[in-house]
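Q: Can we go through this model together? I'd like to start with the annotated spans and then look at helix packing.

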Amino acid sequence: MKNMTKSQLLRAVLGLLLGLVWLVPFYLMISNSFKSKQEIFTNPLKIPENFTWDNYPEAFQQLDFLKTLFNSLLITVVSVIVIIIFSAMCAYALERTKSKLSGIIFMAFVAAMLVPFQSVMIPLVSLFGKAQMLNQVGIIFMYLGFGGSMSIFLYHGALKSIPKALDEAAIIDGASRFQVFWHVIFPMLKPTTVTVAVLNTMWIWNDYLLPSLVINSPETQTIPLKMFFFFGQYTKQWHLALAGLVIAVLPVVIFYFIMQKQIIKGVAEGAVK
């Protein structure tokens, strides 16, 4: 601290304040999840006077958590795997094919990142409804469409740092184009793959709007959809909802902390080059 300049000290203080502001919602969620319904409304900002664990087993049961967790895991894991595989292959084809057409296609993917979901959700749901794909399979295809653009952008940037000489050497040794990609190039894209996996996992896991439009069966609802079970027409069970939120965010938080070491490296490789 003694060797820090005034500007560095100011940045450190601002960073600390911003960090505390960012943690406030988590504090409110966790602290209020241990309160009774009455105490939440009387002392929402204070530490619980009487800690109660009853909210968690009740929320767990009412959410049918194990089944709902399976639905969320199924959609999230399959969607992320599909996004990774198809985006990496698409980026590889576009980066290694130097032509005006490949450049136009890549720019189309980049431009698609700017298209808001709200502008296409009604015709998209109508189209998939006519194809009888308003189900888990359909939503995975939709996630591929919405998550592919950013993933292709990241992979395309990372591929620029991998010399084409590796492709040529593998082809000379008798490898096919797919074998070159899968066995030589794709393993070298691990940091970017982890980044793509983390960003898409956090988005898909927490998404509410798209599943609310596509998934109509209670048997296949995800955790964000089930959370609205606590908000009825005449009553809102905030104590159970907050306990359910804590349970719901734990898997993705654990996943994020396991993978966080690769995120900065992957973003730098994919977006800066």
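**Spans and packing**

A: The span of residues 101-125 is 68% helix and 0% strand, with its end C-alpha atoms 30 Å apart. Helices here are DSSP runs of H or I, at least four residues, and strands are runs of E, at least two, numbered from the N terminus. This is a predicted model: local features need pLDDT of at least 70, side-chain atom pairs count only at pLDDT 80 or more, and totals for chains, interfaces and linings use all residues. Residues are numbered from 1 along each chain, and side-chain values use heavy atoms, without hydrogens and water.

Q: What is the helix content of residues 73-94?

A: Residues 73-94 are 100% helix and 0% strand, with end C-alpha atoms 31 Å apart.

Q: At what angle do α4 and α10 pack?

A: About 145 degrees, with the axes of α4 (residues 65-96) and α10 9 Å apart. Axes are lines fitted to C-alpha atoms over the stretch in contact, and angles run from 0 to 180 degrees between N-to-C directions.

Q: Which residues make the contact?

A: They include L69, S72 and I83 of α4 and T193, N200 and W203 of α10. Contact means heavy atoms within 4.5 Å.

Q: How many are nonpolar, polar or charged?

A: The contact of α4 with α10 has 11 nonpolar residues, six polar and no charged.

Definitions and conventions:
Ala, Val, Leu, Ile, Met, Phe, Trp, Tyr, Cys and Pro count as nonpolar, Asp, Glu, Lys and Arg as charged, and the others, Gly among them, as polar.
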